[in-house]
Amino acid sequence: MSVYDNIASMIGNTPMVKLGRLFGHADFEVYAKLEMHNPGGSVKDRPAKAMLEAALLDGRIKPGSVIVESSSGNLAVGLAQLCNTMGFKFICVVDPKTTEANLRVLRAYGARIDLVEKPDPETGEFVPARLARVRRWLKRLPDAFWPNQYGNKNNALSHQRTTMAEMAADLPKLDYLFCGVSTCGTIRGCVDYIRENGLQTKVIAVDAEGSIIFGGEKGKVTRLLPGLGAGIKPGLCPDEGIHEVVRVNDRDCIAGCRKLVRMESILAGGSSGGVIAAVEKYSPFIEPGSTCAVLLPDRGERYLNTVYDDTWVTRIFGEAFTSGLHK
């Protein structure tokens, strides 16, 4: 189908592509789910649509309602584009990790941006500080609606019904799924689909060093790139169904992104690089002949002044690291 009623109907049914060059040396195959092909450029278009449609159906919102949400970028973009088409006003609570490119996109859609400049004093993390700001908005605007991506069941349901269902249809024999975690909506939906359908797929959660989703010390590691990890354990985090957790850092994400674009011509966002790095780290444990899928959450154009900028990378991580990216 190439004719759609509106932008919302274009969400989902994203392609998968074999990473034949990047993992051509391996004795297993890796396929990438390209969520950058959603109209808002990321996997977060799916829960944005599901949460708004459910609230509209339940009568919690109507045209003209105010939507308030905390987001580091991608969900914000997904909500902003849909609020335009559905007639809602949108207030987005962000933090300094949000890329300038994403902020410009949000402004273009007409979203109101509320920047939380300081992290939560107790945890050193921005997520708790952003959530506190959201609650302040809800007190100020009692009729406003908070989708609450960290606890809304429709976040996970959107991935159970679409994302994982699509991957299972494309790859009937899927041995491993590598999935980044933050709000845990994506991985929860995938785990629920796998359990419900009796699949043998092993789910590898890709988390950020310094995140406390699966344990760890609060604020131990400073993370500059958005998309992976959280300073709280989200309510959607699965209690079971995770085979293994692989942790990555900002350097891993940058290196993975650079390899992905150099070897496969896929210009993806920072967390996608982390997922690629996780496959490399976990590769000794993958059985020969296995079929693996990696979920690449977003596109890379919004990271051109960070992940793909040698000047920025050198300033943060040093010339030696930057030089190694070009070898």
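Keep in mind that the model is predicted. Its largest nonpolar core has 42 residues, and its largest cavity holds about 470 Å³ of space. Let's take it topic by topic.

**The nonpolar cores**

- Start with the largest nonpolar core, where Leu19, Phe178, Ile254 and Val294 touch the most other members out of 42 residues.
- Helix H8, running from residue 270 to 282, is the top contributor to this core, with 6 residues.
- Apart from that core sits another one, made of 26 residues, and Met167, Ala168, Leu177 and Cys184 are among them.
- Want to see what Ile254 touches? Leaving out residues up to four places away in sequence, look for Leu225, Val307, Trp312, Val313, Phe317, Phe321 and Leu325.

**The cavity**

- How many cavities of 30 Å³ or more does the structure hold? The count is 1.
- The largest cavity takes up about 470 Å³, and 35 residues line it.
- If you want to find its centre, go to Lys44, Ser72, Ser182, Gly227 and Leu228, the lining residues closest to that point.
- Five elements each supply at least two residues of this lining: helix H2 (74-86), helix H4 (126-140), strand S6 (176-180), helix H6 (185-196) and H8.
- H4 provides the largest share of the cavity lining, at 3 residues.
- Sorted by class, the cavity lining has 15 nonpolar, 14 polar and 6 charged residues.

**The pocket**

- The largest pocket has about 230 Å³ of space.
- It is lined by 13 residues, and those nearest its centre are Arg46, Lys49, Ala50, Ser158 and Thr162.
- Helix H1 (45-57) and helix H5 (153-170) are the elements that give two or more residues to the pocket lining.
- Which helix gives the most to this lining? That's H5, with 6 residues.
- By class, you'll find 4 nonpolar, 4 polar and 5 charged residues in the pocket lining.

**Helix H2**

- H2 is 13 residues long and reaches 18 Å from its first C-alpha to its last, close to the 18 Å expected at 1.5 Å a residue.
- Since 10 of the 13 residues of H2 are buried, this helix is largely enclosed by the rest of the structure.
- The buried ones are Asn74, Leu75, Ala76, Val77, Gly78, Leu79, Ala80, Gln81, Leu82 and Cys83.
- Their cover includes H1, strand S3 (66-70), strand S4 (89-94) and helix H3 (100-109).
- After H2 comes Gly87, which has a positive phi, near 80°.

**Helix H4**

- Within H4, the residues Phe126, Val127, Pro128, Ala129, Arg130, Leu131, Arg133, Val134 and Trp137 are buried.
- Elements covering these buried residues include S3, S4 and strand S5 (112-115).

- As background, most residues other than glycine have a negative phi.
- Asn13 is not a glycine, yet it has a positive phi of about 55°.
- You'll find Asn13 in the segment before strand S1 (16-18).
- Is Asn13 buried or exposed? Exposed counts as over 50%, so at 67% relative accessibility Asn13 falls in that group.
- Ser265 also isn't a glycine, and its phi is positive, near 60°.
- Ser265 is in the loop between helix H7 (250-264) and H8, and it counts as exposed because its relative accessibility is 65%.

**Val181**

- Val181 sits in the loop between S6 and H6.
- Buried means under 20% relative accessible area, so Val181, with 1%, counts as buried.
- Beyond its neighbours within four places in sequence, Val181 is in contact with Ile187, Ala205, Val206, Asp207, Ile213, Phe214, Gly227, Leu228 and Gly229.
- Val181 and Pro63 are 118 residues apart along the chain, with 32 Å separating their C-alpha atoms.

Conventions: Residues numbered from 1 in each chain as written. Predicted model: local features only at pLDDT ≥ 70, side-chain atom pairs only at ≥ 80, totals over all residues. Heavy atoms only, no water. Core = buried A, V, L, I, M, F, W, Y, C linked by side-chain atoms within 4.5 Å. Buried < 20%, exposed > 50% of the residue type's maximum accessible area, 1.4 Å probe, protein only. Helix = DSSP H or I, 4+ residues; strand = E, 2+ residues; numbered from the N terminus. Contact = heavy atoms within 4.5 Å. 1 Å grid on protein atoms, 1.4 Å probe; cavity = no way out; pocket = protein on both sides within 12 Å on 5 of 7 lines; lining within 4 Å. Points joined across faces, edges and corners; volume = space filled by probe spheres on them. Nonpolar A, V, L, I, M, F, W, Y, C, P; charged D, E, K, R; others polar. Expected span 1.5 Å × (residues − 1).
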